[in-house]
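Open the model in your viewer and keep the selection panel at hand. We will go stop by stop, selecting as we go.

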Amino acid sequence: MRHRPSLLLITAFTTGSLVLTACGSRDDKGSDKGDSGTKTTVAIGVDSPFTGSLSALGLGIKNSVDLAIRTANKNNEVKGVTFKLVATDDQAVPGTGQQNAAKLVADKSVLGVVGPLNSGVSQSMQGVFAKANLTQVSPANTNPALSQGDNWSSGQKKRPFKTYFRTATTDVIQGRFAAQYLYNEAKKRKVFVVDDKQTYGAGLAAIFSQEFQHLGGQVVGTDHLTVKETDFSGIANKIKNSGADAVYFGGQYPEGGLLSGQTKKAGAHIPEMGGDGIYDPAFISGAGKDDDGDLATSVGYPVEQLDSAKTFVQNYKDTGYKDPYAAYGGYSYDAAWAIIQAVKKAVEDNNGKLPGDARQKVLDAMSKVSFDGVTGHVSFDEYGDTTNKQLTVYQVVNHQWKAVKSSTFKD
Amino acid sequence: MHQLPQTLVSGLALGALYGLIAIGYTMVYGIVQLINFAHGEIVMVGAFGALTIHLWLPGVPLGAALPLMILGGVVISVAVATAAERFAYRPLRNAPRLAPLITAIGLSIALQQLVWAFYPNAKKNRDFPQFHGNAFQLADNLHLQRDDVFILVAAPLCMLALGLFTTKSRTGRAMQATAQDPDTARLMGINTDRIIVLAFAIGGAFAAVAAVAQGLHIGQISFDMGFILGLKAFTAAVLGGIGNIYGAMLGGVVLGIAETSSITYIQDIPGMQQLGGGGWKDVWAFALLILVLLIRPQGLLGERVADRA
């Protein structure tokens with residue numbers, strides 16, 4: 001089933017990368033000439049889906065990193081260093097992500113990478129970055145295994161890749177937060193759980209189910225859907241017949257929106273809840289006219305409500321990007337800023353020059369990064385996870401996401 | 001059993017959609033023995049054609065705009081399908097069989113990328129208009145969506161028209177003759193090139209109707225929507241017996257009902273809980289396909305094995 005698209009994508013990608021490589025080498029020559037001046041150019045990579053159904057989120061990530069780079073260059077944040085953006089499109093496909101990682105590693109001017117969007121894509125990139133000591137900061141990956149190892153659930157946490165960091169909280173926190181909200185505040189007792197069989201969706205759904213049952217709720221049915229399909233009326237009929245009073249969906253907004261719309265069309269007027277993967281305006285347009293009441297959790301406080309984010313929102317608007325910063329804009333900006341701060345430290349520790357083993361030095365500096373960013377205080381724990389555990393529940397009200405509860409997660 | 005009527009009706013609507021698209025595969029295969037893998041993309045351009053008409057008619061109620069939207073989709077789909085025949089497949093008519101197959105795959109990528117690049121905002125899913133109002137509640141355990149009504153009316157009408165055309169009209173009989181033996185048909189004075197173009201055109205028109213039905217059902221269309229639809233419809237065509245138009249529709253309906261009923265019932269079988277639900281529906285649908293092909297290699301209504309393959 002999935003054979004042909006991946007083949008197509010690889011073909012398309014290979015063609016694309018040939019073109020990009022050609023451009024890249026031309027750029028390199030340009031910057032070599034520039035080096036005879038005083039400024040060194042440091043590249044920050046960004047990898048996320050710029051095309052395909054998740055491009056709304058991916059382009060928001062890319063633009064926000066671009067904004068961080070522009071800001072750093074404008075303020076002369078690191079003396080003697082000009083930052084530039086190297087952007088690669090992973091189309092939310094793990095194989096493409098891995099090739100992009102190899103390309104970013106090969107570009108010696110890249111000292112840090114922001115991305116990717118999808119946990120599943122990240123799995124294929126982590127190893128490539130780790131071998132090259134290249135720092136990776138994801139603004140959106142929430143799967144706990146990425147930073148805490150496969151056995152995180154049994155308490156044996158072990159960091160698999162020393163180069164991996166993230167500004168997003170993990171699904172452990174997000175899934176449990178969602179379950180607590182649905183049980184304690186929305187007073188739902190019977191939930192039907194659907195996931196999309198992907199790393200992110202299945203993981204989140206499992207954590208949610210566990211916590212919901214732990215609280216005393218009942219999971220009255222489970223089902224799985226296939227990414228990129230559009231007809232979920234069979235599952236919708238099952239949800240209706242199960243007598244559930246809420247649906248929890250682990251997955252992304254393209255399928256989540258359609259599932260919500262089709263569930264309501266099937267006659268089950270119950271809210272659907274999901275994670276940050278469905279927190280996007282495209283979820284609402286996908287769900288159609290009947291989706292008021294649907295819920296989503298997302299990491300951090302709403303960017304619009306934070307004082308620290310006002311400048312970001314304003315600058316983003318002023319720069320005139322065509323696509324909105326979407327769910328991860330603030331986290332992407334902070335991720336890029338963390339890399340910029342690490343570069344700054346590496347340069348300052350080396351008497352104002354970029355050290356020879358710049359990637360290693362930037363990586364060493366990452367664990368000491370600490371600043372007040374767009375989304376709150378940014379620093380990383382011993383696993384590379386963010387120390388920021390703020391989450392928000394959003395609800396669809398009059399066809400718009402409205403924040404209904406923001407708080408710091410408590411066990 | 002309580003869920004049976006709903007499962008059957010949902011499956012029927014889904015299957016009729018597959019069947020309409022499968023007609024395009026089966027007619028082209030019946031006449032030129034080409035599996036036109038770009039047919040899913042013909043559906044996709046039809047959907048965008050219909051959406052364009054909708055955007056040109058702001059404020060017009062969907063019921064009134066619908067015939068024009070179908071017309072717009074049909075025009076675009078037929079134009080693209082016949083252009084594909086003329087410029088991509090006809091030059092390769094006598095080439096080795098794999099050449100047009102690869103061309104079809106290339107065409108499929110090209111059409112996706114063209115829509116992706118040049119249709120406004122097609123990089124994201126575009127909203128497609130939907131009927132307002134609730135589903136018709138026919139019984140306690142059976143409701144009928146408004147968009148399902150559309151496909152359940154449109155598909156039999158299309159089949160009826162096609163059946164009458166192929167059996168009653170001169171051109172239709174010429175088409176049957178070309179399918180049976182193109183060389184003899186040509187000797188009898190039939191312009192086989194014209195017949196082949198017509199087969200592509202009919203397939204394109206049916207694809208556009210299916211595209212509108214899909215848009216109404218889902219409420220969204222995208223540049224990559226054709227792939228899965230095309231794959232399912234191709235399966236339906238093989239299941240029903242490729243080359244047979246009624247087989248294509250029957251195969252579609254069987255596939256649709258197999259999908260919906262495997263979602264509903266497999267997991268209730270003791271010990272099969274893990275193998276049921278939406279994640280496994282394609283496995284069961286294809287298991288059924290293999291089973292049918294084991295017993296009837298020519299498909300449900302197939303008359304002959306593809307002897308020139």
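This is a predicted model: local features need pLDDT of at least 70, side-chain atom pairs count only at pLDDT 80 or more; totals for chains, interfaces and linings use all residues.

## Stop 1

Start in chain A with an open sheet of five strands, paired in the parallel sense and ordered β2-β1-β3-β4-β5. Now pick out β2 (81-89) and β5 (164-166) of chain A. These two strands stand at the edges. Each has a single partner strand, so one side of each is left without a neighbour in the sheet. Look along the sheet for its twist, which averages 25 degrees from one strand to the next.

Next, select residues 40-48 and 110-114 of chain A. These are strands β1 and β3, a parallel pair joined over four bridges. Zoom in on A43(A). Its opposite number in β3(A) is V110(A).

## Stop 2: helices on the sheet

Select residues 55-74 of chain A. This is helix α2, which lies across β1, β2 and β3 of chain A. Its direction runs at about 170 degrees to β2(A).

Then select residues 358-366 of chain A. Here helix α13 packs on the sheet and touches β3, β4 (135-138) and β5 of chain A. The direction of α13 makes about 45 degrees with that of β3(A).

## Stop 3: two domains

Colour chain A by domain. Domain 1 takes 3-168 + 307-380, and domain 2 takes 171-299 + 391-408. Their centres, taken over C-alpha atoms, are separated by 30 Å.

Where do the domains of chain A meet? The contact draws 14 residues from domain 1 and 16 residues from domain 2. On the domain 1 side, α2 and α4 (119-131) of chain A are the elements that give two or more residues. The largest share of that side, three residues, comes from α4(A). Show this side by residue class: seven residues are nonpolar, seven are polar and none is charged.

## Stop 4: the partner chain

Bring chain B into view. How many residues of chain A are in contact with chain B? There are 33 of them, and they meet 29 residues of chain B.

Select the chain A elements that supply at least two residues each to this side: α1 (3-35), α2, β7 (218-224), α8 (233-242), α9 (253-265) and α10 (281-287). Helix α8(A) provides the largest share, six residues. Finish with the classes on this side of chain A: 11 nonpolar, 15 polar and seven charged residues.

Definitions and conventions
Residues are numbered from 1 along each chain as its sequence is written. Chains are lettered from A and ligands numbered from 1 in the order in which they are written. Two strands pair if DSSP finds at least two bridges between them. Axes are lines fitted to C-alpha atoms, for helices over the stretch in contact, and angles run from 0 to 180 degrees between N-to-C directions. Two residues are in contact if their C-beta atoms, placed from the backbone, lie within 7 Å. Domain bounds come from an automatic or database domain assignment. Ala, Val, Leu, Ile, Met, Phe, Trp, Tyr, Cys and Pro count as nonpolar, Asp, Glu, Lys and Arg as charged, and the others, Gly among them, as polar.
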